[in-house]
Amino acid sequence: MTPPAPARAVFDNGTAHSRDQHRCLEAAYDPVTLPRLAAAGVGPGWHCLEIGAGGGSIARWLADRVAPDGSVLATDRDPRDLVPGPRLEVAALDVARDPLPEETYDLVVARLVLQHVPNRDTALRRLVRALRPGGLLQIDEIDASYEPPLLTPDAATEELYVRFLRAKAAALRAAGGDPHWGRRVPAALRAAGLTDIDVQLHIDVRHAQAPGLGLQLNHTRNLRDRLLAQGMTDDELDRVGRLMRDPSFRAASSVFYSVQGRRPGRGRG
């Protein structure tokens, strides 16, 4: 029996919106993700897999780091925004559906991917099996349950921003995602059989120059149809966009969880 075609991704690649989203994601979260990988000892000779590589900033960093004898496979459901290079291969892969080679990689990394996968526990076990004994899995995810506005011009604009956040969370849930999954990642890695679970949290202030707020602005356009389906109007989305461009606006970011775990056995770690 032929399996059903995968649902359209919440964030499609190959568009002006997707490239802007990749830029904002890299600017906001590479300063957290990459030092975590460096501190874990990723280096020459490692064989690495990235799931949902997006614009490829992590994969390119890894490819430089594992030189001269290592390798990186960067995958995405739609890899059109990824460019292969020395030690860097690119492949189309849907982690929700497609098999992976087992016991192959020293490192598997996935950032802001599994929260969008309805069968995320199954996908997570697939990533664990792809690790060599002693291999490292790093999952970076957010918990969007905490991201309150802190400074807005008035109560009406504060409520508008909160409504936008609620509509976005509802849109992601309607597509099978879990925008609060970040807080559950440590327990999920332990349940999947990993050991040496290490958790770091990151929270920031959103303001008009912050890439994290740029990502929110991107979502007023990138998710517009989904937000309209959740009851927001075009006028409201335009107004919340203007609010986020206000130099006086401040809000707390969502909580960004960077979680590492190891597959039991002897390895590079």
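1. Ground rules. This is a predicted model, in which local features need pLDDT of at least 70, side-chain atom pairs count only at pLDDT 80 or more, and totals for chains, interfaces and linings use all residues. Residues are numbered from 1 along each chain as its sequence is written, and side-chain values use heavy atoms, with hydrogens and water left out.

2. Overall fold. The chain has 8 helices and 10 strands. Both are DSSP runs numbered from the N terminus: helices are H or I with at least four residues, strands are E with at least two. The radius of gyration is 19 Å, close to the 18 Å that the globule rule gives for 269 residues, so the chain is as compact as a globular protein of that length. That radius is taken over C-alpha atoms, and the globule rule is 2.2 Å times the number of residues to the power 0.38. Along the principal axes, the C-alpha atoms fill a box of roughly 55 × 45 × 35 Å.

3. Burial and contacts. Of the 269 residues, 52% are buried. Buried means under 20% relative accessible area, exposed means over 50%, and partly exposed lies in between (1.4 Å probe, protein chains only). Now take contacts between residues at least 6 apart in sequence: 77% of them join residues at least 24 apart. A contact means heavy atoms within 4.5 Å.

4. The stacked pair. The structure holds 3 aromatic pairs. Rings of Phe, Tyr and Trp (its six-membered ring) pair if their centres lie within 6.5 Å; planes under 30 degrees apart count as stacked, over 60 as edge-to-face and the rest as tilted. Tyr29 and Phe256 have ring centres 4.3 Å apart and planes at 5°, so this pair is stacked. Tyr29 sits in helix 1 (residues 16–39) and Phe256 in strand 10 (residues 255–262), so the pair ties together parts that are 227 residues apart in sequence. Tyr29 and Phe256 are buried.

5. The tilted pair. Tyr161 and Phe164 form a tilted aromatic pair, with 6.4 Å from centre to centre and 40° between the planes. Both residues belong to helix 4 (residues 155–174); they are 3 residues apart, about one turn of the helix. Tyr161 is buried at 0% relative accessible area. Phe164 is buried too, also at 0%. Ring pairs join Tyr161, Phe164 and Phe249 into a cluster.

6. The cavity. How many cavities of 30 Å³ or more does the structure hold? There is 1. A cavity is a set of points, on a 1 Å grid over the protein atoms alone, where a 1.4 Å probe fits but cannot get out; lining residues have an atom within 4 Å of a point. Points are joined across faces, edges and corners, and a volume is the space filled by probe spheres set on them. The largest cavity has a volume of about 40 Å³. Its lining includes Gly55, Ala59, Arg60, Leu82 and Val90. Helix 2 (57–65) and strand 3 (88–92) each supply at least two of the lining residues. The lining divides into 6 nonpolar, 2 polar and 1 charged. Here Ala, Val, Leu, Ile, Met, Phe, Trp, Tyr, Cys and Pro count as nonpolar, Asp, Glu, Lys and Arg as charged, and the others, Gly among them, as polar.

7. Helix 3. Buried residues of helix 3 (residues 120–130) include Arg120, Leu124, Leu127 and Val128. The buried residues of this helix pack against strand 1 (47–51), strand 4 (105–111), strand 5 (131–143) and helix 5 (185–191).

8. A cis peptide bond. The bond from Ala67 to Pro68 is cis, with omega near 5°. Pro68 lies in the loop between helix 2 and strand 2 (71–76).

9. Positive phi. Arg87 is not a glycine, yet its phi is positive, about 65°. Arg87 is in the loop between strand 2 and strand 3, and is partly exposed at 29% relative accessible area. Asp196 also has a positive phi, near 50°. Asp196 belongs to strand 7 (residues 195–202) and counts as exposed at 59%.

10. Pro86. Which loop holds Pro86? Pro86 lies between strand 2 and strand 3. Pro86 is exposed, with a relative accessible area of 63%. Pro86 and Leu62 are 24 residues apart in sequence and 11 Å apart in space, C-alpha to C-alpha.

Key:
1 Å grid on protein atoms, 1.4 Å probe; cavity = no way out; pocket = protein on both sides within 12 Å on 5 of 7 lines; lining within 4 Å.
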